[in-house]
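Reader: I would like a close look at one part of this model, its pockets. Please take me through what lines them.

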Amino acid sequence: MTGKTMRIGVVLAGCGVYDGSEIHEAVCTLLAISRAGAEAVCYAPDIDQAHVVDHRTGQESGETRNVLVESARIARGKIQPLSAFTAEAVDALVIPGGFGAAKNLSDFAFKGADCTVNPEVVAAVALLRAAGKPIGALCIAPTILAALLGQQGVELTIGQDPETAAAVEKLGARHRATAAGEVVIDEALKVVTSPCYMLESTLAEIAEGAENTVKALIALAL
């Protein structure tokens, strides 16, 4: 990696905790990547959201919004459709949390351990795995990796929630309970996860978890 700026892909799932990417987690991830001297490359699937939630009331609004269009708000317009993803374009990949990860990138929020994952997310993870490049996930997003890598016994964390932990273990993953800011690193599968807002965390703790995840991804990518 000498003389080359590391590029870290960031898969977004919309804009907002209840129906898209958790904005604090996404921005803290982008900040951590920048502070590490790396470049963020943002992606999102070009699909409709599962639904749109009024974040003031927590109720569905009845609107239709596009995941890629909404994710562009966080990426300041610099974003690519996930269908364009290639393993050669990045050195690592990270998926911030928020319900969009479990509603738009997968349907874990609706089906739990019987979930399916968006085909473009499946393809991106498979390409990274084939290339031997690391993958990170925050908050609820590790459930995606449990669904895709559970049969390989991936070790990960979603924090301390017993019900969610049981679901990821049903998928074959090994769950480790963690506190705010901590990360779980599966060295063999090159997977890094951190609980973030799956715990009652402060914004400072979210930033710590994102930073620790990015640092671990970079170390695995070297």
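Which element gives the largest share of the lining of the second largest pocket?

Author: This is a predicted model. In the second largest pocket, the largest share of the lining comes from β2, with 4 residues. The space in this pocket is about 200 Å³. Its lining runs through L30, I33 and S34, then A38, E39, A40, V41 and C42, and lastly A75, K78, I79 and Q80. By class, 8 of the lining residues are nonpolar, 2 are polar and 2 are charged.

Now set the largest pocket beside it. Its volume is about 390 Å³. The lining is made by 20 residues, and F99, F108, I140, T164 and M198 are the closest to the centre. Here the elements that give two or more residues are α3 (99–103), α4 (108–111) and α7 (162–170). The largest share belongs to α7, which gives 5 residues. By class, the lining of the largest pocket has 13 nonpolar residues, 3 polar ones and 4 charged ones.

To return to your question: β2 holds the largest share in the second largest pocket, while α7 holds the largest share in the largest pocket.

Key
Residues are numbered from 1 along each chain as its sequence is written. This is a predicted model: local features need pLDDT of at least 70, side-chain atom pairs count only at pLDDT 80 or more; totals for chains, interfaces and linings use all residues. Side-chain values use heavy atoms; hydrogens and water are left out. On a 1 Å grid over the protein atoms alone, a cavity is a set of points where a 1.4 Å probe fits but cannot get out, and a pocket is an open set with protein on both sides within 12 Å along at least five of seven lines; lining residues have an atom within 4 Å of a point. Grid points are joined across faces, edges and corners, and a volume is the space filled by probe spheres set on the points. Ala, Val, Leu, Ile, Met, Phe, Trp, Tyr, Cys and Pro count as nonpolar, Asp, Glu, Lys and Arg as charged, and the others, Gly among them, as polar.
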